[in-house]
Amino acid sequence: RERLEKEGVDPSRTRVVFNSVDLQRFRLRSPLPPRPERALIFSNYASEHTHLRVVEQACARAGLALDVIGAGVGKPCAEPQEVLGRYDIVFAKARCALEALAVGNAVVLCDVFGTGPMVTHAEAEHLRSWNFGKRTLTRALDPALVQREIERYDPEDAERVSSWIRSTAGHAQSSAQLSAIFREALD
């Protein structure tokens, strides 16, 4: 929308349909533990040259075991829905963050571009308006900043976020929005 408006398209003629998640594929995990134990970086961009070392340091300080999936570390994952439920905190952005949220993980927005917040219920709608993407990664890649976000872990809040995501971000909702846009365009 932002790009279209800069090009002179009337804002009333634009619609935004956010990414959606297949809720049948990304099923809800069992409740999160009171204290996190396992963390995951879910990113194709994670490597020794990006944000991997920063997250490793923060997790070590917090006493979290950390795993990584993604092409950048030679561990692409064709079925992340089979893996996400094993972790308490997931470090991701954009679609990866959305999928982890739908599963019920606590999610810290983090990737090669920087550190964002832990997705809380209070911030979820605003962060979703930016697709949990690059524009939400507003702080430096710094172990202390990442650790601060880990300390915001709240399993009850993560459950509320997941419930909200599952009620607003499924394929059914986006399909209905796209159908309405197509009908409007045809009219």
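Student: In this predicted model, is Asn105 buried or exposed?

Tutor: Burial is read from the relative accessible area, and buried means under 20%. Asn105 has a relative accessible area of 0%, so this residue is buried.

Student: Where does Asn105 lie, and which residues does Asn105 touch?

Tutor: Asn105 lies in the loop between helix 3 (94–103) and strand 4. Leaving aside residues up to four places away in sequence, Asn105 touches Arg29, Leu32, Leu84, Tyr87, Asp88, Val90, Ala100 and Ala158.

Student: Which residues of helix 2 are buried, and why do they line one face of the helix?

Tutor: In helix 2 (residues 52–62), the buried residues are Leu52, Val54, Val55, Ala58, Cys59 and Ala62. Viewed down the helix axis, these residues fall within an arc of 165°, so they line one face of helix 2.

Student: What do the buried residues of helix 2 pack against?

Tutor: Their partners are strand 1 (38–42), strand 2 (65–69), strand 3 (89–92), strand 4 (106–111) and helix 5 (143–150).

Student: Which residue takes a positive phi just after helix 2?

Tutor: That residue is Gly63, with a phi of about 75°.

Student: How many aromatic pairs does the structure hold?

Tutor: A pair of aromatic rings is described by the distance of the centres and the angle of the planes. The structure holds zero such pairs.

Student: What lies over the face of Phe113?

Tutor: Lys134 lies over that face, at 4.4 Å from the ring centre of Phe113.

Technical notes: Residues numbered from 1 in each chain as written. Predicted model: local features only at pLDDT ≥ 70, side-chain atom pairs only at ≥ 80, totals over all residues. Heavy atoms only, no water. Buried < 20%, exposed > 50% of the residue type's maximum accessible area, 1.4 Å probe, protein only. Helix = DSSP H or I, 4+ residues; strand = E, 2+ residues; numbered from the N terminus. Arc of directions from axis to C-beta. Contact = heavy atoms within 4.5 Å. Phe/Tyr/Trp six-rings, centres within 6.5 Å; stacked < 30°, edge-to-face > 60°. Lys NZ or Arg CZ within 6 Å of the ring centre and 35° of its normal.
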